[in-house]
Number of protein chains: 2
Amino acid sequence: MVGMVGGGQLARMTHQAAIALGQSLRVLAVNPDDGAALVAADTHLGSHTDIEALRRFAKGCDVVTFDHELVPGDLIRALAAEGVPVRPGAEALRFAQDKGAMRERLSALGAPVPRWRRLPSAGADAELVEFAALVGGFPVIGKSTTGGYDGRGVWVWDSVADATAVLDAGVELIVEERVALKRELAAVVARSPWGQVAAYPVVETVQEGGICVEVIAPAPGLDPDRAVTAQELAIRIATELGVVGVLAVELFETVDGELLVNELAMRPHNSGHWTIEGARTSQFEQHLRAVLDYPLGDTSLAAPVVVMANVLGGAAGGMGIDERVHHLFAADPAVKVHLYGKQVRPGRKIGHVTALGDDLATVRARAARAARWLRDGEGEIDPHHQPARTH
Amino acid sequence: MVGMVGGGQLARMTHQAAIALGQSLRVLAVNPDDGAALVAADTHLGSHTDIEALRRFAKGCDVVTFDHELVPGDLIRALAAEGVPVRPGAEALRFAQDKGAMRERLSALGAPVPRWRRLPSAGADAELVEFAALVGGFPVIGKSTTGGYDGRGVWVWDSVADATAVLDAGVELIVEERVALKRELAAVVARSPWGQVAAYPVVETVQEGGICVEVIAPAPGLDPDRAVTAQELAIRIATELGVVGVLAVELFETVDGELLVNELAMRPHNSGHWTIEGARTSQFEQHLRAVLDYPLGDTSLAAPVVVMANVLGGAAGGMGIDERVHHLFAADPAVKVHLYGKQVRPGRKIGHVTALGDDLATVRARAARAARWLRDGEGEIDPHHQPARTH
């Protein structure tokens, strides 16, 4: 039995994949109405920061894995020391939990990253001015080393004054150059304990306000050599860091044609949701195959173009989600809907949709329309959106 | 919330589909280790022949549907009378529960069926001799009107003496001509309460000892006009009988090129398991869309050739299923495995595999190999098997 710590949509979709493999995922959820807790037969309620809850949960699991990066490394190491197979392990997961450690490790590996440095707790102002001068001036990007996601914990600073509030908050920070961005890409791979790595086609990810709204597979017009470079880079990072399970490498493609690593995630990732229908093996099945040390599955595309769009919660009011699904299914019988069973809050990811086909513009428009129709309230997602030039 | 009566693999796979739709299937299972009970968060334990268990189960469900045909019509009518939406309803389901009633109704509709008659409880011998003379002599096919599946409740009689034991058992019987069979086909459709019907491509089903071992989509070499005839027939039956949900129409294709209806099933059916990866909408999602009165999903093929092979339990001994999965995944990273979480018994369906591709012979061989490798013990499934000439 595989145990997954965290009861969100990643665990929910991993449970679907586990069922096909003759398994049933055990889930450690904080709340009984967490997305995965609503659907998995074997749900434990407890905190991922409580070692006793983790111990009870892990008992009887063949392997423990994660829906998020929030379990403290000390607790993971404690479980491992007690004989629980934890995949990925604490030593790998650290680089998905701490952006400073990740940047240091990738720099040491010679992996391309934006220019960056740690900001000291004292004298950060002077460091910031010096760093900005080094990279051609403000704006620069500030990042909390831990806990950020979906645009949280990331700031665009136009001056030292801009950074004051964050610097004063006492969180551990790094500063990075603002990259001249053509677009964002993601290279998703999976690695097994035996060491096999399988790479999915490289995708383009479109962000809005720091939140991923659209993923296009394969990345349109990506130079084939550059795609292989991105896959090789992800395979090398997975191998050097000893990752087990899915590794998503978020990349910047710069206007100069460079690839730079932005973030790492060591679990099924939003940039891989398209694989459920769009690849021969979904990233959720792949993650299970990896942590179970099964040979990995075929990562081929199931259609020439696959587009995933996130469904974000809108303002209250308007049609209910059930009515919206009716209208959408009548308008497009082929679009695939994934709803996470979440309470709607504005901007929260409450589901995603996937469209497959032959023509990029058509498939993008179908996915964008589906996501917009499913959005509660009056939200809009522009299918012809230009990616923001900041992170 | 959708409630499904029965905790077998059909409910298990319907639960997977429900999760994507933002739902969680409620399951009424007899045993806690039934396939669906192992994976669904909301499992009730109880008998499908106990009206009180059914009432408790149905409370709070938006609609109740079925994993099997074993709920007595009286109980379904009682639930419906109490205001529970039951889909399909008792009046439709009757024709999937009683082969005599089905044959009468289809004959009245002018739907093509094998020549048949009911055998009376007294004087059956004489009826049998007369019927055999009418259809060109023995052998003829005896069928129990209720309860038969996977070859049970079906007999080939070479003489009256052959039939004696069954006639003496006192079960209600029909007798049918033995059809000069080219092969078996299945036309799977779904119908919503609103009346929309969606038809999947017609498939070939290959039986061994009365058990389906292989399904090929689309049916190889099937005349396109005949395929449309089969779909029209299934649509007409679904509509005339008022079916809601998936309807599988099992068909004989005779050596003379006729299509005759063999059996009906009003639920997701083994002949539609290929749709999970092989069609844009799986039959499980389609069944849910139908019973929820959502517009139905796209039934297009996801690949030119899709082959599903059932995994049957073998004799005890040999490798365990986990080890078999390892070897299979290493040999064929693209084959998709579905295991039902069942205890292995010889001949029992414990899972299925699906292969997709462009070349019929290659895809059939891959599916057959996968099913054979997963079979415990020493069982063999011949990929070049000729369909049996009896039912």
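Guide: A:Asp293 is partly exposed, with a relative accessible area of 27%. On this scale, buried means under 20% relative accessible area, exposed means over 50%, and partly exposed is what lies in between, using a 1.4 Å probe and the protein chains only. The model is a predicted one, in which local features need pLDDT of at least 70 and side-chain atom pairs count only at pLDDT 80 or more, while totals for chains, interfaces and linings use all residues. Residues are numbered from 1 along each chain as its sequence is written, chains are lettered from A and ligands numbered from 1 in the order in which they are written, and side-chain values use heavy atoms, with hydrogens and water left out.

Most residues other than glycine have a negative phi, and most peptide bonds are trans. A:Asp293 sits in the loop of chain A that runs between helix H10 (283-291) and strand E15 (305-312). Helices (H or I, at least four residues) and strands (E, at least two) are DSSP runs, numbered from the N terminus.

Chain B has a counterpart to compare. B:Asp293 also shows a positive phi of about 60 degrees without being a glycine, and it is placed in the loop between H10 and E15 of chain B. B:Asp293 counts as partly exposed, at 27% relative accessibility.

A search of the whole structure, over all chains, finds six aromatic pairs. Rings of Phe, Tyr and Trp (its six-membered ring) pair if their centres lie within 6.5 Å; planes under 30 degrees apart count as stacked, over 60 as edge-to-face, and the rest as tilted. One of the pairs is edge-to-face: A:Phe329 and B:Tyr294, with 5.6 Å between the centres and 70 degrees between the planes. A:Phe329 belongs to helix H11 (residues 321-331) of chain A, whereas B:Tyr294 is in the loop between helix H10 (283-291) and strand E15 (305-312) of chain B, so this pair joins two chains. Both partners are covered: A:Phe329 is buried at a relative accessible area of 1%, and B:Tyr294 is buried at 3%.

Another pair, B:Trp155 with B:Trp157, is stacked, at 6.3 Å centre to centre and 10 degrees between the planes.

The peptide bond between B:Arg87 and B:Pro88 is cis, with omega about 0 degrees; B:Pro88 lies in the loop between helix H3 (73-81) and helix H4 (90-97). A cis bond also links B:Phe138 to B:Pro139, with omega near 0 degrees, and B:Pro139 is in the loop between helix H6 (124-134) and strand E6 (140-144).

B:Gln9 is in helix H1 (residues 9-20) of chain B and counts as buried at 14% relative accessibility. Setting aside residues up to four places away in sequence, B:Gln9 touches B:Asp67, B:Tyr340, B:Lys342 and B:Lys349, where a contact means heavy atoms within 4.5 Å. B:Glu204, in strand E11 (residues 203-208) of chain B, is buried at 9% relative accessibility. Beyond its neighbours within four places, B:Glu204 has contacts that include B:Arg183, B:Glu214 and B:Pro220. From B:Glu204 to B:Leu260 is 56 residues in sequence and 14 Å in space, C-alpha to C-alpha.

Chain A has twelve helices and 17 strands. Its radius of gyration is 21 Å, close to the 21 Å of the globule rule for 391 residues, so chain A is as compact as a globular protein of that length; the radius is taken over C-alpha atoms and the rule is 2.2 Å times the number of residues to the power 0.38. Along the principal axes, the C-alpha atoms of chain A fill a box of roughly 55 × 50 × 45 Å. Buried residues make up 59% of the 391 residues in chain A. Of the contacts in chain A with a separation of 6 or more, 62% are between residues 24 or more positions apart.
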